[in-house]
Number of protein chains: 2
Amino acid sequence: MHPTNRLETAPPARPLRADAARNREALLAAASAEFAAHGADASVADIARRAGIGKGTVFRHFPTKEHLLGAIVLDRLVTISELGEDLLGAGDAGRALLEFLTAACERVQQLDLSFLLAASPAVLAEPAVSAAQERMFGVVGALVARAQEQGAVRADVTGPDVILLMCAPSHAASPLQDSDPGLWRRYLGVLFDGLRPEGAHPLPHPPPAAPVP
Amino acid sequence: MHPTNRLETAPPARPLRADAARNREALLAAASAEFAAHGADASVADIARRAGIGKGTVFRHFPTKEHLLGAIVLDRLVTISELGEDLLGAGDAGRALLEFLTAACERVQQLDLSFLLAASPAVLAEPAVSAAQERMFGVVGALVARAQEQGAVRADVTGPDVILLMCAPSHAASPLQDSDPGLWRRYLGVLFDGLRPEGAHPLPHPPPAAPVP
DNA sequence: ACCTGAACACCGTTCAAGT
DNA sequence: ACCTGAACACCGTTCAAGT
């Protein structure tokens, strides 16, 4: 194993050498573009070529291709968490939750965020990833609780429920993503109606304790 | 290209030689077991070994690993369609649709059926696959229409909507599939409440013309 | 007609050799 | 310290050689 492998968001023990810092930046930019273009199975060789570095250098910065993808998804997690924290101050908590879920689905369209929930334990164990994860879980839990206090969301769903359901609209619409890029909005509408208190029927199974095992 | 490649459900132009028929049966059984155990990325080598045949023989029966997976998912499609057709005679059409979606999610748990909606055009173009697909689309459309006539489902959703949303509960629950195998039932409950007419809000986007491009 | 396994092109990952 | 590209183990797929 390489001694200097660590995730890009972990605070560097000692600053990187100039060329290494430059390479990492180029690597992240190239990976973001390649993943956006070809999905999660963009090849490491293509990413390295686009970044203008050797394949070996990729694995010096990230232990695994999956970790590299994780580092990029992490960015979106932080962005969404920040938005959610802003929305915690909104007057209409139901509207705030819907706005938050809309923003989250927009990010998912760009780069599948849902993989994080199903990601390998190794990636989830990364301190930076699990910190960003917990931050987001906290935000969602608070948004849901406020919406419930105002009677905008049914009382029998939990924060973990909403986290697991968050990506469902994008996933349902994904087969038609190219021909109808806004379809997920329709299914977010259906989901949100299912989260409302009006017409809610008792759910046949208890909620999970946490959204990740 | 091989001259004799065709999907297992297509009626054979002339009957297979005895050893070929035996091999195909062993291949399908082995593939079903390996896919169930290791998911869609079970290796062709492992499947061939389990079936007791050479790797080359796999590609004599199916042009692609994806087509092999397609042949197995096709089985479940047919099973579900048959169940749906039985349920068309039920008195309570809303209950019938819920029962159908429940059965479909149970099958998805066993082997991801949703991949079919996102499958490669080559697999979808297979006559046997597209026939099974259209059969199922017809069944779902009829179940939805009957439920709407009885006022059990909101009027502004369509058959294609329900087809796209069908796998959402299983997908949402998949990160916890091992620790909480029945969780999808909870999210099917949320989804179905979203499909009900009570408390339905107007949807922000028009429905798709067809569930596959 | 059908089966087989060596061979091919590709993949993520490793590591000895360089600066 | 860091970078590099040849090398490795694996993958799906092909095909010449067999029966």
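By class, six nonpolar, nine polar and six charged residues make up the surface near DNA strand D. Here Ala, Val, Leu, Ile, Met, Phe, Trp, Tyr, Cys and Pro count as nonpolar, Asp, Glu, Lys and Arg as charged, and the others, Gly among them, as polar. A residue is near a strand if one of its heavy atoms lies within 4 Å of it.

This is a predicted model: local features need pLDDT of at least 70, side-chain atom pairs count only at pLDDT 80 or more, and totals for chains, interfaces and linings use all residues. Residues are numbered from 1 along each chain as its sequence is written, chains are lettered from A and ligands numbered from 1 in the order in which they are written, and side-chain values use heavy atoms, with hydrogens and water left out.

## Exercise 1. DNA strand D

Task: find which residues come nearest to DNA strand D, and which element gives the most to the surface near it.

Solution. 

Step 1. Start with the residues. There are 21 around DNA strand D, and R17(A), N23(A), G54(A), T57(A) and K65(B) come nearest.

Step 2. Look at the DNA side. Of the atoms of DNA strand D that come within 4 Å of the protein, sugar and phosphate account for 65%.

Step 3. Check polar contacts (pairs of N or O atoms within 3.5 Å; within protein, one must be able to donate a hydrogen and the other to accept it, and residues adjacent in sequence count only if both atoms are side-chain atoms). A polar backbone atom of G54(A) is 2.9 Å from a phosphate oxygen of DNA strand D. T64(B) uses a polar side-chain atom, 3.5 Å from a phosphate oxygen.

Step 4. Name the elements. Helices (H or I, at least four residues) and strands (E, at least two) are DSSP runs, numbered from the N terminus. Two or more residues come from each of α1 (18-38) and α3 (55-61) of chain A, and from α3 (55-61) of chain B. α3(A) gives the most, with five residues.

## Exercise 2. DNA strand C

Task: find which atoms of DNA strand C lie by K55(A), R17(B) and T57(B).

Solution. 

Step 1. List the neighbours. Of the 21 residues around DNA strand C, the nearest are K65(A), R17(B), N23(B), G54(B) and T57(B).

Step 2. Take the bases. A polar side-chain atom of K55(A) lies 3.2 Å from a base oxygen of DNA strand C. In R17(B), a side-chain N or O atom is 2.8 Å from a base nitrogen.

Step 3. A side-chain N or O atom of T57(B) is 2.9 Å from a phosphate oxygen. Sugar or phosphate holds 65% of the atoms of DNA strand C within 4 Å of the protein, and bases hold the rest.

Step 4. Name the main element. α3(B) gives the most to the surface near DNA strand C, with five residues.

## Exercise 3. Chain A against chain B

Task: find how the two chains are related and what their interface holds.

Solution. 

Step 1. Superpose the copies (least squares on the C-alpha atoms of residues with pLDDT of at least 70 in both). A rotation of 180° with 0.1 Å of shift along its axis places chain A on chain B, with RMSD 0.1 Å. That is the relation of a two-fold axis. In chain A, G194(A) has the C-alpha nearest the axis, 1.8 Å from it.

Step 2. Count contacts (heavy atoms within 4.5 Å). In chain A, 42 residues are in contact with 42 residues of chain B.

Step 3. Size the interface. Buried area is the accessible area (1.4 Å probe) that two parts lose on being put together, summed over both. It is about 3400 Å² between chain A and chain B, and carbon and sulfur atoms give 64% of this. R186(A), V190(A) and H205(A) supply 21% of the area that chain A buries, more than any other three residues.

Step 4. Find the salt bridges (a side-chain nitrogen of Lys or Arg within 4 Å of a carboxyl oxygen of Asp or Glu). There are four across the interface. One of them joins R154(A) and D193(B), with the closest N and O atoms 2.8 Å apart.
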